[in-house]
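Subject: structure for handover

Hello,

Here is the structure I said I would pass on. My notes on it come after the display.

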Number of protein chains: 2
Amino acid sequence: MSFAAPRIAPFQPPRRILMGPGPSDVPPRVLAAMARPTIGHLDPAFGDMMEQLKALLRYAFQTENRLTFPVSGPGSVGMETCFVNLIEPGDKVIVCINGVFGGRMLENVRRCGGVPVVVEDDWGRAVDVDKVAAAFAAHADARVLAFVHAETSTGARSDAAALAALARAHGALTLMDCVTSLAGTPVLIDAWGIDAAYSGSQKCLSCTPGLSPVTFSEAAIARVRARRVPVQSWFMDLNLVLGYWSGEGRRTYHHTAPINPLYGLHEALLLLAEEGIEQAWARHQSMHDTLRAGLEALGLEFVVPADERLPQLNSVRLPAGVDDAATRARLLDEYGLEIGAGLGALAGRVWRIGLMGASARRENVDACLDALAAVLK
Amino acid sequence: MSFAAPRIAPFQPPRRILMGPGPSDVPPRVLAAMARPTIGHLDPAFGDMMEQLKALLRYAFQTENRLTFPVSGPGSVGMETCFVNLIEPGDKVIVCINGVFGGRMLENVRRCGGVPVVVEDDWGRAVDVDKVAAAFAAHADARVLAFVHAETSTGARSDAAALAALARAHGALTLMDCVTSLAGTPVLIDAWGIDAAYSGSQKCLSCTPGLSPVTFSEAAIARVRARRVPVQSWFMDLNLVLGYWSGEGRRTYHHTAPINPLYGLHEALLLLAEEGIEQAWARHQSMHDTLRAGLEALGLEFVVPADERLPQLNSVRLPAGVDDAATRARLLDEYGLEIGAGLGALAGRVWRIGLMGASARRENVDACLDALAAVLK
């Protein structure tokens with residue numbers, strides 16, 4: 001018995017301008033890097049590349065953390081890697097929710113057997129530092145504070161430095177989602193005192209999706225080493241992953257690393273190093289200023305107050321009478337422009353316009369404003 | 001405060017002939033596909049590609065299972081996806097161990113709170129069907145039988161049809177690792193009655209590592225839906241992943257799929273469909289026959305008995321007096337040839353010579369035999 005082979009042609013993706021909440025436009029140099037010949041994950045030449053990748057990621061995270069590497073999976077795996085390693089059953093965790101990804105953190109805490117203390121804020125607003133202080137006052141035994149620095153579902157930026165300082169003052173570790181912020185707006189792991197952070201390869205780093213840069217402080221590593229209960233995930237157990245990524249002595253096999261996507265991430269991080277991270281932050285801000293002026297001229301209103309806005313993710317309310325799905329379909333079909341729909345509680349009510357990484361450039365801003373002007377006419 | 005950007009040059013991988021236990025040589029068409037422009041994971045054009053990918057994977061697995069898709073992570077994530085969904089705390093699981101990957105299955109069972117019943121066989125031998133029958137006789141309440149079809153650490157092939165028949169007769173589900181067998185030697189999911197199987201993109205499919213094709217029978221899906229306890233992993237929970245990959249009605253966001261690696265897998269599966277899966281199996285066998293004759297002429301002895309051998313993974317004993325690491329380093333440096341070291345209990349005692357996917361071709365066999373003849377002289 002044998003099933004017949006399907007007759008299918010090679011896939012040729014259509015031409016798109018990616019201005020949703022990720023992925024962003026991937027530069028030709030990164031695409032070309034991914035097409036270089038595959039070599040083995042234990043090849044010494046690949047090992048050298050891994051060490052460079054770690055150094056480049058330390059630059060992106062602005063950290064000296066030795067445990068800084070890309071998890072072999074999307075941002076959601078980076079998130080879960082942080083939670084399953086740092087949380088033990090019964091651990092109290094303060095979880096801040098001001099959008100979809102804070103909610104996903106809560107799901108992770110629950111599935112690790114943690115005891116969540118939820119601090120809720122309105123979607124579209126930053127996490128309220130005073131509420132978190134009150135949560136610590138009421139729960140002095142909280143072992144971890146978890147929050148999203150840049151809420152991808154709304155475009156709100158929270159005060160990571162203040163939140164991490166609170167956690168430190170209460171002897172808790174800080175676990176931060178910086179999927180949308182890394183390389184687009186300042187992320188200062190060491191200066192802020194963040195203990196564990198995860199990001200994604202496909203937003204302001206402009207690599208293909210599928211990798212999740214993570215970084216852990218020495219205090220976080222000590223917490224993992226002192227666990228009483230094994231990490232529930234074999235794949236994500238840092239005690240095991242470290243044998244491959246630590247680079248201390250002989251590199252031991254854990255899993256087969258995604259070779260070609262890692263070539264792409266290496267090249268994407270080179271582009272960041274060549275531009276300079278402060279210049280990259282400034283470019284995102286400058287493109288945001290231009291886009292914002294144009295969107296406001298079209299009569300579109302921002303969801304997030306000005307001082308809590310992320311330059312790289314612009315959430316605007318749908319104008320009255322505009323059909324969400326039909327309009328986005330027109331933008332895609334007629335203009336090759338992808339913008340993001342609302343997520344969760346904001347579905348059907350907002351659009352999310354990304355200016356991430358290589359997408360944060362003048363041609364994209366102009367193309368987006370022209371297309372929106374045409375379809376909203 | 002700002003850390004300085006590291007000065008690093010683009011990574012140019014050295015030229016290699018990949019004849020280890022994976023990754024295998026990635027064909028130019030697959031590399032080129034990965035360099036196509038990134039589009040969004042919710043783009044309708046990408047959705048069409050996903051449906052094609054599922055059809056192509058059904059062909060590779062020889063199944064009609066509707067739940068057949070690539071997990072966004074390496075084979076180890078595919079493995080863990082199968083275990084965390086099918087095993088609930090307290091479930092009795094018969095786990096067959098005849099190499100490293102059976103041992104990894106046992107780790108997974110434990111971390112899911114399952115109650116393992118271990119059936120052990122010598123490394124380098126197939127799983128003994130009689131021992132598994134005895135285990136079922138002693139443990140009639142076993143809910144799952146887990147085994148590795150093609151042990152990547154030894155090159156032994158087990159009798160999947162007989163093992164699955166035993167499980168079926170005892171009302172247990174069958175969970176099979178076919179990381180190394182898929183597309184290199186027959187894997188007949190429906191004909192054998194396998195309920196859950198996972199593989200890898202980088203072995204006989206010759207795509208980049210980092211994706212794990214999986215397939216689940218209706219009985220497996222029913223087991224997942226009937227769970228009393230939530231799946232411990234948010235990322236791997238099939239109830240959630242299905243919203244994105246099911247293609248039934250509206251596709252909902254779960255995580256950002258690894259776009260460019262999926263282009264590569266699509267192209268790799270097209271190559272398989274174009275060649276024909278039976279022709280691919282025959283090619284692996286024929287290249288193995290040639291390689292085997294050459295290795296035996298060099299005085300090398302196979303670890304696995306002839307009737308239990310995988311054509312695509314050839315484990316041979318190190319000749320007396322040969323320095324393992326130094327010889328493999330010479331092969332890599334002087335001949336650009338990667339072969340695999342022994343793993344686990346076989347470390348330092350065997351070499352694993354892969355003939356997987358695009359690496360299973362005459363030039364590679366000749367290059368390998370020439371290089372081995374030179375360094376063993």
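The term is set by angle: under 35 degrees counts as roughly parallel, over 145 as roughly antiparallel, 65 to 115 as roughly perpendicular, and the rest as oblique. The axes of H2 (residues 44-61) and H10 (residues 259-275) of chain A cross at roughly 45 degrees and come within 10 Å. Axes here are lines fitted to C-alpha atoms, over the stretch in contact for helices, and angles run from 0 to 180 degrees between N-to-C directions.

Some conventions before going on. This is a predicted model, in which local features need pLDDT of at least 70 and side-chain atom pairs count only at pLDDT 80 or more, while totals for chains, interfaces and linings use all residues. Residues are numbered from 1 along each chain as its sequence is written, and chains are lettered from A and ligands numbered from 1 in the order in which they are written. Helices (H or I, at least four residues) and strands (E, at least two) are DSSP runs numbered from the N terminus.

Helix pairs

The crossing of H2(A) and H10(A) is left-handed (the near helix is turned anticlockwise from the far one by less than a right angle; clockwise would be right-handed). On the H2(A) side, the contact is made by Met49(A), Gln52(A), Leu53(A), Leu56(A), Leu57(A), Tyr59(A) and Ala60(A). H10(A) brings Leu262(A), Leu265(A), His266(A), Leu269(A), Leu270(A), Leu272(A) and Ala273(A). Contact means that the C-beta atoms of two residues, placed from the backbone, lie within 7 Å. By class, 12 residues in this contact are nonpolar, two are polar and none is charged. Ala, Val, Leu, Ile, Met, Phe, Trp, Tyr, Cys and Pro count as nonpolar, Asp, Glu, Lys and Arg as charged, and the others, Gly among them, as polar.

H3(A) and H4(A) pack with their axes 9 Å apart at an angle of about 40 degrees, and are therefore also oblique. Their crossing is right-handed. Met79(A), Glu80(A) and Phe83(A) of H3(A) meet Arg104(A), Asn108(A) and Val109(A) of H4(A). That contact divides into three nonpolar, one polar and two charged residues.

The two chains

Chain A superposes on chain B by a rotation of 180 degrees with 0.0 Å of shift along the axis, at an RMSD of 0.0 Å. This is the relation of a two-fold axis. The superposition is by least squares on the C-alpha atoms of residues with pLDDT of at least 70 in both copies.

The interface takes 75 residues from chain A and 75 residues from chain B. On the chain A side, the elements giving two or more residues are H1 (28-34), H2, H3 (75-86), H4 (100-111) and H10. H10(A) gives the most, with eight residues. The chain A side divides into 40 nonpolar, 24 polar and 11 charged residues. The copies meet through the same surface, because 100% of the interface residues of chain A are also interface residues in chain B.

Backbone geometry

Most residues other than glycine have a negative phi, and most peptide bonds are trans. The bond from Gly22(A) to Pro23(A) is cis, with omega near 0 degrees; Pro23(A) lies in the loop between strand S1 (17-19) and H1 of chain A. Gly22(B) and Pro23(B) are likewise joined by a cis peptide bond, with omega about 0 degrees.

Ala183(B), not a glycine, has a positive phi of about 80 degrees. It sits in the loop between strand S8 (173-177) and helix H7 (189-192) of chain B, and counts as buried with 29 C-beta neighbours inside 10 Å. Buried means 20 or more other C-beta atoms, placed from the backbone, within 10 Å of the residue's own; 12 or fewer is exposed, and in between is partly exposed. Ser206(B), also not a glycine, has a positive phi of about 55 degrees. Ser206(B) is in the loop between strands S9 (196-198) and S10 (212-216) of chain B and is buried, with 27 such neighbours.

Two single residues

Arg58(A), in H2 of chain A, is buried, with 21 other C-beta atoms within 10 Å. Leaving aside neighbours within four places in sequence, Arg58(A) is in contact with Thr63(A), Glu64(A), Asn65(A) and Thr68(A).

Thr327(A) lies in helix H12 (residues 324-335) of chain A and is partly exposed, with 17 other C-beta atoms within 10 Å.

Regards
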